[in-house]
Amino acid sequence: MSREVIASAPGKIILTGEHFVVHGAYSIAAAVNKRVRVSILEAPGDSYILAGDARSRVNNDDGRFVLVKTILRHVFEEEMKDQGVAISISSDIPAGSGLGSSAAVSVATAAAALKFAHLETSPRKIFEIALLGEKKVHGNPSGIDVETSLQGGMLLFSKNTESKPIPLNRVVHFLVVYSGKPRRTSTLIERVEIRKKQYPNFFDCLTRAASFLSLDVVDAIAAGDLPRLGALMNISQTALSWIGVSTSSIDRLIEDVAAQEVYGVKLTGAGGGGSIIALPKPDSVDALSKYMTRNYSYSFMTQIPQEGLRWEV
Ligand code: PMV
């Protein structure tokens, strides 16, 4: 029987500090209940990649599956000359939605490839290889998406320190709504870099404020203070508007959700479209889910915490 390795990894939401994390701030992210699954199977002939209807050879530089090819070529190096593999990818997470789909693909691919090649599969090694894929598509990522997808749960993350898991003394629900407008994280990161150059002192203050917001979120969670957590999310949204990554359609979506029974609502991830998250009042989780499903084509409720990388086979 041919050998198969399967790994899955979750998408993520960011509660505070997106973009500022690229410039050294603390940020908070959590894994969600939507996953990417990557299978690597021994196959005769050429090595190829399949995802839905798309198919491409690993050695064909046609621009498709760049992230996956970067990781595979790095891990397998010479080996793929002798042995063909079939890689198939299935995902619950829309690409470009700000929910960490590329990081989840990177983590699951790096993990499956390292295991398939009988190489070290420590979290550090998987992170290092997965980040190579992320860099190929995002240019200058902080690593928060990859770390959250790998570790799961909720994390306090900064580029300059070890990430810290945030213990949750109860399950917390978050509403996630995709605006339907995909966008490229790298474009938004570049746009923010221009803002930083235009207003360096203001940007520096906002970066430090983002760190304080993230540390306040840690305290609010430790105290089980959901209204305060929601208020901190609202403040975070204001800072994201100031750096120009919110859009009028995201603002309208936020306004609609803010009028429901929620403690806080903000965009999540790079912005410029993508998704928003909201913290529902505990008694309104079901009613809010129903309202969103009726009115929006892609929304879901996720419980936090969720598992990170998982070996399926
Ligand atoms: O790619 P997204 O939309 O999940 O956003 C990632 C978060 C950023 O802070 C915008 C980029 C990064 O690498 O930290």
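Mentor: In this predicted model, the chain is divided into domain 1 (4–166) and domain 2 (172–304), with 24 Å between the centres of domain 1 and domain 2, taken over C-alpha atoms.

Trainee: How many residues of domain 1 are in contact with domain 2?

Mentor: 31 residues of domain 1 are in contact with 36 residues of domain 2, where contact requires C-beta atoms that lie within 7 Å. On the side of domain 1 that touches domain 2, the largest share, five residues, comes from β2, and by class that side has 17 nonpolar, 13 polar and one charged residues.

Trainee: What makes α3 oblique to α4?

Mentor: The axes of helix α3 (residues 123–138) and helix α4 (residues 144–151) come within 10 Å and cross at roughly 140 degrees. Angles over 145 count as roughly antiparallel and 65 to 115 as roughly perpendicular, with the rest, apart from those under 35, as oblique, and therefore α3 is oblique to α4. Among the residues that meet there are Phe127 and Leu131 in α3 and Val146 and Leu150 in α4.

Trainee: Why is Gly264 called buried?

Mentor: Gly264 has 24 other C-beta atoms within 10 Å, and a residue is buried if 20 or more lie within that distance, so Gly264 is buried. Gly264 is found in strand β9 (residues 262–268) and, leaving aside its neighbours within four places in sequence, is in contact with residues including Leu229, Met233 and Ala278. Of these, Leu229 is 35 residues from Gly264 in sequence, and the two are 7.5 Å apart in space, C-alpha to C-alpha.

Methods:
Residues numbered from 1 in each chain as written. Predicted model: local features only at pLDDT ≥ 70, side-chain atom pairs only at ≥ 80, totals over all residues. Helix = DSSP H or I, 4+ residues; strand = E, 2+ residues; numbered from the N terminus. Buried ≥ 20, exposed ≤ 12 C-beta atoms within 10 Å, placed from the backbone. Contact = placed C-beta atoms within 7 Å. Axes fitted to C-alpha atoms, helices over the stretch in contact; angles between N-to-C directions. Domains from an automatic or database assignment. Nonpolar A, V, L, I, M, F, W, Y, C, P; charged D, E, K, R; others polar.
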